[in-house]
Amino acid sequence: MSPKPGTLTAVQVIFFIRAALGFVVAILAFVGLNAMSEAEVQRTTGFGSGGLMFFLLIGVAVSVFELYVASTIGRGGHRTRTLVRVAAGLGIALVVLNMLTGESFLLGLVLMIVVLVLNESASAKDWYQETEYPAPRPGAV
């Protein structure tokens, strides 16, 4: 079996970094949320504490999923390729949703498009195919 292509190593690193940043942002947001009164939260964010907590938990769930996808990329196969596609699609959907609410996350959108392009490259496709159906080793029965 050939080694994992550099394009997939880059995808893996991107997901690890996104997950780590997601966890850091969530921790800081939880700390900030607990330090503010309900009125301050409402005035600053336009949401109540409960609504903001809901969105933070969605962010944590996405970070956990991206961490899982990053840790499984080394296995290869069709399932892993699909997981990368789903994670990138979810990332694009969340970025577009944020952009519709007035936030600018253009870098996140570009990053997820890069992930999709790297995941669909010829070397990645060949490696996924090879890991899904590995060739028998010489001398194996």
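The model is predicted, so I kept to local features with pLDDT of at least 70 and to side-chain atom pairs at pLDDT 80 or more, while totals for chains, interfaces and linings use all residues. Residues are numbered from 1 along each chain as its sequence is written, and side-chain values use heavy atoms, with hydrogens and water left out.

For α1 and α5 I noted a packing angle of about 150° and axes 9 Å apart; axes are lines fitted to C-alpha atoms, for helices over the stretch in contact, and angles run from 0 to 180 degrees between N-to-C directions. The two helices are therefore roughly antiparallel to each other, the word for angles over 145 degrees. Helices here are DSSP runs of H or I with at least four residues, numbered from the N terminus.

I then listed the contact, meaning heavy atoms within 4.5 Å: Thr 7, Leu 8, Ala 10, Val 11, Ile 14, Phe 15 and Arg 18 of α1 meet Leu 111, Met 112, Val 115, Leu 118 and Asn 119 of α5. By class, the contact of α1 with α5 has 9 nonpolar, 2 polar and 1 charged residues, where Ala, Val, Leu, Ile, Met, Phe, Trp, Tyr, Cys and Pro count as nonpolar, Asp, Glu, Lys and Arg as charged, and the others, Gly among them, as polar.

Next I turned to α4 (residues 77-100) and α5 (residues 106-119), which pack at about 160° with axes 9 Å apart. That angle makes α4 roughly antiparallel to α5, and α4 passes α5 in a left-handed crossing. The α4 side of the contact includes Arg 81, Val 84 and Gly 91, and the α5 side includes Leu 106, Met 112 and Asn 119. I counted 13 nonpolar, 3 polar and 2 charged residues in the contact of α4 with α5.

I followed up Arg 81, which lies in α4 and counts as buried at 12% relative accessibility; buried means under 20% relative accessible area and exposed over 50%, with partly exposed in between (1.4 Å probe, protein chains only). Not counting residues up to four places away in sequence, Arg 81 touches Asn 119, Glu 120, Lys 125 and Tyr 128.

Last, I checked α6 (residues 122-132), in which Ala 124, Trp 127, Tyr 128 and Thr 131 are buried. These buried residues fall within an arc of 100° seen down the axis of α6, so they line one face of the helix; the arc is that of the directions from the helix axis to the C-beta atoms. On the face turned away from the buried side I found the exposed residues Ala 122 and Asp 126, and what covers the buried residues of α6 includes α1 (6-35), α4 and α5.

How values were computed. Angles under 35 degrees count as roughly parallel, over 145 as roughly antiparallel, 65 to 115 as roughly perpendicular and the rest as oblique. A crossing is left-handed if the near helix is turned anticlockwise from the far one by less than a right angle, and right-handed if clockwise.
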